[in-house]
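Dear colleague,

I am handing over the structure that follows, together with notes on what was found in it. Please read the notes with the model open beside them.

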Amino acid sequence: MDYKKMVAETLAPALTDVLSAEEIYQKIERPKDTAKGDYAFPAFTLAKIFKKAPQQIAADLAEKIDASKFDKVEVAGPYLNFFLDKAAFSAEILGNVLTQGADYGQNQNGNGGNVPIDMSSPNIAKPISMGHLRSTVIGNSIAEILKKNGYKPIKDNHLGDWGTQFGKLITAYLKWGNEEDVKKDPISYLVQYYVKFHKEDVEHPELDDEAREWFKKLEDGDQQAHELWSWFRDESLKAFNAIYDKLGVKFDTYNGEAFYNDKMQAVIDELKDKGLLKESQGAQVVNLDKYDLNPALILKSDGASLYITRDIATAVYRENTYHPAMNLYVVGSEQMYYFKQLKAVLTEMGLPSAKDLHHIPFGLITVNGKKLSTRSGRIILLDEVLDDAIEMAQKQIAAKNPDLANKDQVAKQVGVGAIIFGDLKNERMNSIDFNLEEQLKFEGETGPYVQYAHARAESILRKASDVEVPTADAKISDPEAWDTIKALADFPDTVVEALKEFEPSDIAKYSIRLAKSFNKYYAHSKILADDAEKPARIALVKSVSTVLKESLRLLGVEAPDEM
Ligand code: ARG
């Protein structure tokens, strides 16, 4: 039931000649403070029309309307405040949650449309950066939010697995490399070779010629070159996958840049046919003056393709393969300008999905004040941050709940969950300094706090396992429960809102709100008391557990039943 509509319909007969039902609906507000009612109508907006004091207008309206569907309707200065019928409202909301279960909040707005999400996309033979991690975690959550809105997400890891750097890497490996080392610790050795190459080529510029030759061979399908490239790729992927596994993130496709090698010529031909390619100092560019952007360089003077050339081929491929409803790229904000150019080129080409191409950027993140970056060829490994978090969670659990059965599994869920949640609770464009200790606290706006509220709800349910949970008519009159019930009612709208701005933080903030209100309720009310409302209260607890778990799931965070 749309309660705002109910308020509008209640007011409509008293305002027939003045406002349409739609206009009334638009004016209705939702007071932040529940003491001011659940909905409020600002009567002062009618002062000009009625030529009366706003207080008087509010009082007149209160006289005229039929308020029988509400607990009460109050005049408060220039406002008319509506208080919903708590018992009826709770029965309806709890009924919805309990009959729909994890499907509560699901809508079909997306009509099953395909949405490729370009996410994570680290570069082969290089360490995965904090930016790639944010992209992984944000992209994964947006994929879940898309599904909840009736879309079909396709999570694509657009690996950086092509480019002249592979000529350098092959040259370096053949000179200084060793198979055992690469197998042992692929990323750090491959990075070392690459770093060494750049040191040596200062004095031995002939190395560059060699590298160019190897890249040419690679492009021409030379067997040795291809085998080495593919081995570097496999080893790097193994290292990346270990991190994805820990994070619990899966991809639908790993179509990296190399995947588009044989799809590029068609794109270049198309650009030529459409008269979009212009020569500029021997290179081929697309002019973007009309978009107030610099020209996009498509082919270098030696005919080599670039990052953007591969991205154009990617977009064309996605168009033809998926006929996407939207095209999403979760990539750091340093590529903002680049994605404007990409979108402009695709628009010039007349690619239908260029219209709904969205670059979803995000801010920088540091961990305990430190940038996660290359440190003399090594990095402060993401893996280590995750392991630290798990270890901290282990300690907390050992102190709080030493008898817990599956301690290690829960520690992993809590540790990893804390990292994911600590990232996603921030609006994505904000830069964050990530404090591991802060994010692992069971108090405050953290993942463990929300997980703990869920575990608490589950524990109550275990204690009340004899109660038959009603799915209809669960009427709760206790005012202490009101904030929780209203939070439950807001979940479906939050799912819609979060997608509008591609903002997982909406879901994270929502889960904190629901957890907080539930904890307050738990502290003030005797949920397990044996009285007539007990089954309704258990229905409330079960609804809270369901929606908390579902909110966390949308973020990619697990919800253990005990912790
Ligand atoms: N590999 C790139 C990087 O690490 C990110 C790729 C983003 N996706 C894309 N389609 N351009 O910067």
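**The ligand and its surroundings**

In this predicted model, a polar side-chain atom of Gln 335 lies 3.0 Å from an oxygen atom of the ligand, a polar contact being a pair of N or O atoms within 3.5 Å. Taken alone, the ligand exposes 350 Å², of which the protein buries 89%, with accessible areas computed by the Shrake-Rupley method with a 1.4 Å probe. An oxygen atom of the ligand also lies 2.8 Å from a polar side-chain atom of His 132, and an N or O atom in the side chain of Tyr 307 is 2.7 Å from a nitrogen atom of the ligand.

The residues around the ligand (those with a heavy atom within 4 Å of it) are Asp 118, Ser 121, Asn 123, His 132, His 158, Tyr 307, Asp 311, Tyr 329, Val 331, Gln 335 and Phe 339. This shell divides into 4 nonpolar, 5 polar and 2 charged residues, where Ala, Val, Leu, Ile, Met, Phe, Trp, Tyr, Cys and Pro count as nonpolar, Asp, Glu, Lys and Arg as charged, and the others, Gly among them, as polar.

As for the numbering and the limits of the model, residues are counted from 1 along each chain as its sequence is written, and side-chain values use heavy atoms, with hydrogens and water left out. Local features need pLDDT of at least 70 and side-chain atom pairs count only at pLDDT 80 or more, whereas totals for chains, interfaces and linings use all residues.

**Annotated region**

An unreviewed UniProt entry lists residues 122-132 as the short sequence motif "'HIGH' region", an annotation that may be inferred rather than shown by experiment. Over residues 122-132 the chain is 27% helix and 0% strand, with the end C-alpha atoms 6 Å apart; helices (H or I, at least four residues) and strands (E, at least two) are DSSP runs, numbered from the N terminus.

**Individual residues**

Ser 543, in helix α22 (residues 534-555), is buried at a relative accessible area of 0%, where buried means under 20%, exposed over 50% and partly exposed in between (1.4 Å probe, protein chains only). Leaving aside neighbours within four places in sequence, Ser 543 is in contact with Leu 94, Val 97, Leu 98 and Leu 488, contact meaning heavy atoms within 4.5 Å.

Most residues other than glycine have a negative phi. His 323, however, has a positive phi of about 45° although it is not a glycine; His 323 is found in the loop between α13 (307-322) and β9 (327-330) and counts as exposed at 58% relative accessibility.

Notes. A polar contact is a pair of N or O atoms within 3.5 Å; within protein, one must be able to donate a hydrogen and the other to accept it, and residues adjacent in sequence count only if both atoms are side-chain atoms.
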